[in-house]
Amino acid sequence: MSAAASPGPTFRREGILHVTLIAPDLDAVCAAYREQLGLAVAARDPLDSELAQVLGLADLAGAPVAWLANPAGEAVVRMVEDPQARQLEPMFRHGWLSLEVLVADVDALVADLRPPFRVLRPPADLELSPAIRASQVLGPCGEMLYLTSIKAAVPPFDLPMSDERFSHSFIGVMSTPDRDASQAAWAALAGHPGWAFETKITVLNDAFGKDLGDRYPVAVVALPGQCMVEIDEVKLPDDSGLEAAREAIADIDVLSFDSMDAKRRFAGQHSIALRLAALPEGLASAGWNLIGDVQLGVARHVGLVGPAGEHVQLIVDC
């Protein structure tokens, strides 16, 4: 009698379902997330060619993939291996800047971290509300994580709380040259106008050598499932210390959205996956570029690239 096939990973049902990271060394990154953050490898398989197109990773079809699950058994991180991915800290480019991850006790978690994780800012209450306490950390792929504990309600925002060491990404944080354009794009996608304000972002001020109190135009747009996208308008610094950043993008004259892979791909955060009931109309006029659309099982998977270069995998129920 043959052994029964093992069930596939379990996924969240709403909001930010999972995130995709590009890992130069899959085994090393999985080990770091397992040993220090408490995630488990739920599945390993090659990247499906149709899904690779949706993700803007057509040239990585067949690449090794690992799904990492939180203590609740939900697969919340997909790692795709690419040993050739560019290394560049996310503060020095537009697109996805960070994943805000819900944790039970940010102080205890950060106290346990060691290389390859690097703490950029120690845990502190946010200017927005003392009910939110967060620390900014660089991970083994060069990804930035805002490890965040929510201690009480923060109206008008609908934010989750958790007693898990590492629960899930509930906010995607992006860097853009134009807050208003990015806010309009995300409002069209999410069906929510969002809120605009200014706030200090100490991790960016640290990276850019600016006064820690300097403020940035910011917007947040609500997503389903107590999730949000945060939009930070960032003028990238231009000084002699950033040759690597300029060299990494100097040869990208025209952005080709149907093949965003080789020249635009960096190690670290690549995409967030959202579940929507239907594909909104008017996305192209709002600044979104569709790079893939495929039916996989009972769901439609749509790949989108936003006006700042951020990638989104939409999972639309059929």
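What is the volume of the largest pocket? In this predicted model, which keeps local features at pLDDT of at least 70 and side-chain atom pairs only at pLDDT 80 or more, while totals for chains, interfaces and linings use all residues, the answer is about 590 Å³. Residues are numbered from 1 along each chain as its sequence is written, and side-chain values use heavy atoms, with hydrogens and water left out.

Of the 318 residues in the chain, 53% are buried, where buried means under 20% relative accessible area, exposed means over 50%, and partly exposed lies in between (1.4 Å probe, protein chains only). The chain exposes about 13400 Å², and carbon and sulfur atoms supply 52% of that area. Accessible areas come from the Shrake-Rupley method with a 1.4 Å probe, and for residues only the protein chains shown count as cover. Among contacts (heavy atoms within 4.5 Å) between residues at least 6 apart in sequence, 66% join residues at least 24 apart.

Two strands count as paired if DSSP finds at least two bridges between them. Strands of a sheet pair through backbone hydrogen bonds, either parallel or antiparallel.

Strand 5 runs antiparallel to strand 9 (residues 169–176), and six bridges join the two. Across this pairing, W96 stands opposite M174, and S98 stands opposite V173. Strand 5 is also joined to strand 8 (residues 144–150), this time in parallel and by four bridges; here the bridge partner of L99 is L145.

A pocket is found on a 1 Å grid over the protein atoms alone, as an open set of points where a 1.4 Å probe fits, with protein on both sides within 12 Å along at least five of seven lines; lining residues have an atom within 4 Å of a point. Grid points are joined across faces, edges and corners, and the volume is the space filled by probe spheres set on the points. The largest pocket is lined by 27 residues, and L126, E127, Q136, T199 and K200 lie nearest its centre. Strand 6 gives the largest share of the lining, four residues. Elements that give two or more residues include strand 7 (132–138) and helix 5 (202–208).

Six bridges join strand 16 in parallel to strand 13 (residues 268–276), with R275 opposite I315. Seven bridges join strand 16 to strand 15 (residues 299–305), and this pair is antiparallel, with V305 opposite H311. Strands 15 and 16 form a hairpin with five residues between them, in which G309 takes a positive phi near 95 degrees.

Finally, some backbone details are found in the loops. The peptide bond from P115 to P116 is cis, with omega near 15 degrees, and P116 is in the loop between helix 3 (106–112) and strand 6. Another cis peptide bond joins P155 and P156, with omega about 10 degrees; P156 belongs to the loop between strand 8 and strand 9. Q226 has a positive phi of about 55 degrees although it is not a glycine. This residue lies in the loop between strand 11 and strand 12, and Q226 is partly exposed, with a relative accessible area of 33%.
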